[in-house]
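Here is a friendly walk through a ligand site and the fold that holds it. Have the model open as you read.

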Amino acid sequence: MLLTGRIPRHVGIIMDGNGRWAEVRGLPRIEGHRRGAERSKEIIEVSVELGIKALTLYAFSIENWQRPSSEVMTLMKLLEFYLNKELDRLIKKDVVFKAIGEIWKLPEHIQVIIREAEGKTASNKGMRLVIAISYSGRNEILRAVKKMLYSGIRPEELTEEAFNSYLDTAGLPAPDLIIRTSGEMRISNFLLWQGAYSELYFTDTLWPDFTEDEFLLAIQDYQRRERRFGAISVRADAP
Ligand code: IPE
Ligand code: IPE
Ligand code: MG
């Protein structure tokens, strides 16, 4: 893997297009999800090798609960299968695993697996792998506001930093780069607060086709961006 230059600290990925990948091949949608899950596994490994500090994968949104129950059920089974299968490897790679979203809405046995994966990787020191499941940005913000109100925080104490600490992503840096596959140019309720200044990268590639090379292209694209955060370009200011 050849990549020099600035590596984003935190990358978020909206892994979209599994269904279409399967449909164009005359396969059931779930086959697309299965191939998509394989791809996630690969991208996690590449992220570790690249030295990315945090990777957040959007796996299932709150809105996705509206899908036919057979699709939801198979997605849950896939999640269970991969977490069970990959946990040892995550431990070996020193990854810290965390799930964000309304985890308590997931089937009980999946919650158990998630807690186990979080517990067994909590003292690791390597990349933080965050899976957003039953997650939506607005919902996360509202839950954060509720937690804050219950905590009795005084309005004067409320800063952006304090607010961050009530979000599911507390302790994580904001995503530097958010990638969305499948040609859709929207955020679909992903990391709304955290993504305020993220660089966005859209590609037509469907998630099951998003190879390591495609990932490196996205990072190279990021490396060419000038992040001004509202200030003026350093070059523009030069005499
Ligand atoms: C992304 O693929 C995975 C989930 C949202 C769970 P989709 O299932 O949305 O695939 P398309 O967008 O229908 O192709
Ligand atoms: C976004 O994809 C959610 C995930 C990738 C988990 P969707 O396919 O659900 O989003 P829309 O419907 O295109 O906005
Ligand atoms: Mg989709």
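## Ligand 2 and its surroundings

In this predicted model, an oxygen atom of ligand 2 is 3.3 Å from an N or O atom in the side chain of arginine 180. That pair counts as a polar contact, meaning a pair of N or O atoms within 3.5 Å. Here it is with two others:

| Residue | Distance from its polar side-chain atom to an oxygen atom of ligand 2 |
|---|---|
| Asparagine 64 | 2.8 Å |
| Serine 188 | 2.6 Å |

Taken alone, ligand 2 exposes 390 Å², and the protein buries 78% of that (accessible areas by the Shrake-Rupley method with a 1.4 Å probe).

The residues around ligand 2, among them Ile14, Asp16, Phe60 and Arg186, each have a heavy atom within 4 Å of the ligand. Which strand gives the most to this shell? Strand β2 (residues 54–61) does, with four residues.

## The whole protein

The protein has eight helices and six strands, counted as DSSP runs (helices H or I, at least four residues; strands E, at least two) and numbered from the N terminus. With 239 residues, a compact globule would have a radius of gyration near 18 Å, and the protein agrees because its value is 18 Å. This radius is taken over C-alpha atoms, and the globule rule is 2.2 Å times the number of residues to the power 0.38.

Residues are numbered from 1 along each chain as its sequence is written, while chains are lettered from A and ligands numbered from 1 in the order written. For this predicted model, local features need pLDDT of at least 70, side-chain atom pairs count only at pLDDT 80 or more, and totals for chains, interfaces and linings use all residues; side-chain values use heavy atoms, leaving out hydrogens and water.

Conventions
A polar contact is a pair of N or O atoms within 3.5 Å; within protein, one must be able to donate a hydrogen and the other to accept it, and residues adjacent in sequence count only if both atoms are side-chain atoms.
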